[in-house]
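Please find below a colleague's note on the structure shown.

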Amino acid sequence: MTRVLLLGGTTEASRMARALADAGLAAVFSYAGRTEAPVAQPLPMRVGGFGGVPGLVAYLRDAQISHVIDATHPFAAQMSRNAVAACAEAQVPLVALQRPEWKAEPGDRWTHVPDMAGAVAALPGAPARVFLAIGKLHLAEFAARPQHHYLLRLVDPPGDLPLPDCSVEIARGPFDLAGDLALLRRERITHVVAKNAGGSGAQAKLAAARTLSLPVVMIDRPALPARAVRAEVAEVLHWLAQAAAHQADRGV
């Protein structure tokens, strides 16, 4: 019997959850639990980590999971690495639903960096007004450049922040060009720092930066182990049908 573990946290994961529910497939939607009010899903949900690779292997076996779909954020690298290792050990087929990367367009002023440390180093020495569009997990690293004013856009109120000079915009995407242009102009932003998450929900800030000719520090995606990857929900459903048929042929 097909029973899917969907590792979520993205817009694509929500679309995948709806498709699984509409297809009548048994599935569990797993959230990391970093958001206070996660979007409701049409599947049974679990929240929190698994306890590394051993914990995930145990869960796959205890819950009788037959297939895993990794639809986590492209920068949730540790979870994706754990999923590859755990599925290999438990002999459970795995596919990633992964949105394509953003690509620079004419007029963009991107500086590519490999990680957060590279993004901190790429900021100017002189005081600047920086739209730090990276979520809240790595804010402390930018305290090394306290001369800048940082604008943060977060889903939940953050509480205490490690940055001495910052302002916070509480908002949930998707965002549009008109709104992001107004935000960057109102906050007098001079630089943008972004993770190359891909997708359409947060792409407007890049179009706004292009319109205003602002430099963008683009953090490239982390390297991940080899795995099956699909870009669309329909492609994952096709993979799932093929994988289930292959298991049936093997008598699994």
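Are Phe142 and Tyr150 buried or exposed? The points below, which concern a predicted model, begin with this pair.

1. Phe142 and Tyr150 are both buried. Three aromatic pairs are counted in the model.

2. The largest nonpolar core has 20 residues, and Leu6, Met16, Leu20, Phe29, Leu43, Ile69 and Leu97 touch the most other members. Two or more residues each come from strand 1 (3-7), helix 1 (11-22), strand 2 (26-31), strand 5 (94-97) and helix 7 (233-250). Beyond its neighbours within four places in sequence, Met16 is in contact with Leu6, Ile69, Leu97, Val233, Val236 and Leu237. A second, separate core comprises 19 residues, including Ile134, Leu139, Phe142 and Leu163.

3. An open sheet of six strands has the order 6-11-10-7-8-9, with parallel pairing. Strand 6 (109-113) and strand 9 (166-170) each have a single partner strand, so one side of each edge strand lacks a neighbour in the sheet. On average, neighbouring strands are turned by 20° against each other, direction ignored.

4. Within this sheet, strand 7 (residues 129-133) and strand 10 (residues 191-195) run parallel and are joined by four bridges. Ala133 stands opposite Ala194 of strand 10. Helix 5 (residues 177-186) lies across strand 7, strand 8 (149-154) and strand 9, at about 150° to strand 8.

5. Two arginines lie over aromatic faces: Arg46 over Tyr59, at 5.3 Å from the ring centre, and Arg153 over Phe175, at 3.6 Å from the ring centre.

Methods:
Residues are numbered from 1 along each chain as its sequence is written. This is a predicted model: local features need pLDDT of at least 70, side-chain atom pairs count only at pLDDT 80 or more; totals for chains, interfaces and linings use all residues. Side-chain values use heavy atoms; hydrogens and water are left out. A nonpolar core is a set of buried Ala, Val, Leu, Ile, Met, Phe, Trp, Tyr and Cys residues joined through side-chain atoms within 4.5 Å. Buried means under 20% relative accessible area, exposed over 50%, partly exposed in between (1.4 Å probe, protein chains only). Contact means heavy atoms within 4.5 Å. Rings of Phe, Tyr and Trp (its six-membered ring) pair if their centres lie within 6.5 Å; planes under 30 degrees apart count as stacked, over 60 as edge-to-face and the rest as tilted. A charge sits over a ring if NZ of Lys or CZ of Arg is within 6 Å of the ring centre and within 35 degrees of the ring normal. Two strands pair if DSSP finds at least two bridges between them. Axes are lines fitted to C-alpha atoms, for helices over the stretch in contact, and angles run from 0 to 180 degrees between N-to-C directions.
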